[in-house]
Amino acid sequence: MDSLPPRATAASHTRYRIAQELSELCPPVLGQEIAITGSVSKGLADDPSDIEQVFYVQEIPGVQARDTWLRQIGASAIIHDETTIEDGSLWSTFRFGEIWIEAGWQTFRQQEELLRQILAAQVLDHHRLILGEITSHALSLRGEGHLPRWRQQLTQYPPQLAQRLIANATDLWQFPHLLEARWALAQRHEPWRLAEVLLRELHNILRVLFALNHQWEPEWKWISQSSGALALKPHHLMERSTAIFTENDAKQRIAACIQLIYDTLTLLPVEYDVAQALNTVRESLDLHSY
């Protein structure tokens, strides 16, 4: 059984004990290996945090088997998902005591295949790729040795994945008319569309930075904490990211975003070949006097 990180929050310790209790109550047929993930495994949980727990099995148990167990242990407000999510896992949400639990069942076979694809640089989709970060921070509550092996595999970030991710994330920054379209949204007073575009650009900036640092990209909700481990990043990354959505003037928000794109691109060594994107972004800032 793994321990929480040093300096884990009090809320993390409370939720870790609850997750341990759930693991002890779980029959092996419903969880041959059990891990706690998310904010608790990183020691970052706060009072509103739920518990994310994964039960690894040979075959995902049916709804009735899961529902019977949850009712036997006193779970309440039980909701079972009807379909699997992107990684093939199937989830149930419920309350155990006063805490919400998100419990996912995943087969060893599917987990192994997804990790193989990630390590072979065959996965670029963010929602599937974050399995690398989730697994690398997962803590074992019941184990047969799979989770430590998976974590070991993930200690080496594939250089080919960094190449593919950065090429994908920076591709649209090469085209002047697409950058000009960002400024046009301010002229047209389309705040919803502008917010959507700026958020997508920020996600691409973050994907570039995590790939550049050979770090597994996380779920974005904990980005303030996760970005602290990045050795290579623009100065005041989080403050500048916040300004993209808090500046009063729409053009200032666009300028803040494009300037952050530019500063991110300048960090990339020549092997990533972003010269065209760098020139296009600089010209866009100059054209609008920023």
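Lys42 touches Pro5, Glu133, His137, Pro218 and Ser226, residues up to four places away in sequence not being counted; contact here means heavy atoms within 4.5 Å. Lys42 lies in the loop between helix H2 (38-41) and strand S2, where helices (H or I, at least four residues) and strands (E, at least two) are DSSP runs numbered from the N terminus. With a relative accessible area of 19%, Lys42 is buried. Buried means under 20% relative accessible area, exposed over 50%, and partly exposed in between, for a 1.4 Å probe and protein chains only.

The structure is a predicted model, in which local features need pLDDT of at least 70 and side-chain atom pairs count only at pLDDT 80 or more, while totals for chains, interfaces and linings use all residues. Residues are numbered from 1 along each chain as its sequence is written, and side-chain values use heavy atoms, with hydrogens and water left out.

The protein chain contains 14 helices and 6 strands. Its C-alpha atoms fill a box of roughly 65 × 40 × 35 Å along the principal axes. Of the 290 residues of the chain, 51% count as buried. Among contacts between residues at least 6 apart in sequence, 64% join residues at least 24 apart.

The strands form an open sheet of 6 strands with mixed pairing, in the order S3-S4-S5-S2-S1-S6. The edge strands are S3 (76-80) and S6 (139-142), each of which pairs on one side only. From one strand to the next, the twist averages 25°. Two strands are taken to pair if DSSP finds at least two bridges between them.

Strand S2 pairs with S1 in the antiparallel sense over 5 bridges and with S5 in the parallel sense over 7 bridges.

Helix H7 (residues 146-153) lies across S1, S2 and S6, running at about 165° to S6. Axes are lines fitted to C-alpha atoms, for helices over the stretch in contact, and angles run from 0 to 180 degrees between N-to-C directions.

Gln111 is placed in helix H4 (residues 108-119). Its relative accessibility is 1%, and Gln111 therefore counts as buried. Residues up to four places away in sequence apart, Gln111 touches Tyr56, Gln106, Leu131, Thr135 and Trp150.

A search of the whole structure finds 8 aromatic pairs. Rings of Phe, Tyr and Trp (its six-membered ring) pair if their centres lie within 6.5 Å; planes under 30 degrees apart count as stacked, over 60 as edge-to-face and the rest as tilted. The rings of Tyr157 and Trp216 have centres 4.7 Å apart and planes at 45°, so this pair is tilted. The pair links distant parts of the chain, 59 residues apart: Tyr157 is in the loop between H7 and helix H8 (159-170), and Trp216 is in the loop between H10 and helix H11 (223-226). Both Tyr157 and Trp216 are buried. Elsewhere, ring pairs link Phe55, Trp69 and Trp105 into a cluster.

Charged side chains also lie over rings. A charge sits over a ring if NZ of Lys or CZ of Arg is within 6 Å of the ring centre and within 35 degrees of the ring normal. Arg66 lies over the face of Trp105, at 5.4 Å from the ring centre, and the charged end of Arg282 sits over the ring of Tyr262, 5.1 Å from its centre.

Helix H10 (residues 191-212) has 22 residues and reaches 31 Å from its first C-alpha to its last, close to the 32 Å expected at 1.5 Å a residue. The expected span is 1.5 Å times one less than the number of residues in the helix. Just after H10, His214 takes a positive phi of about 55°.
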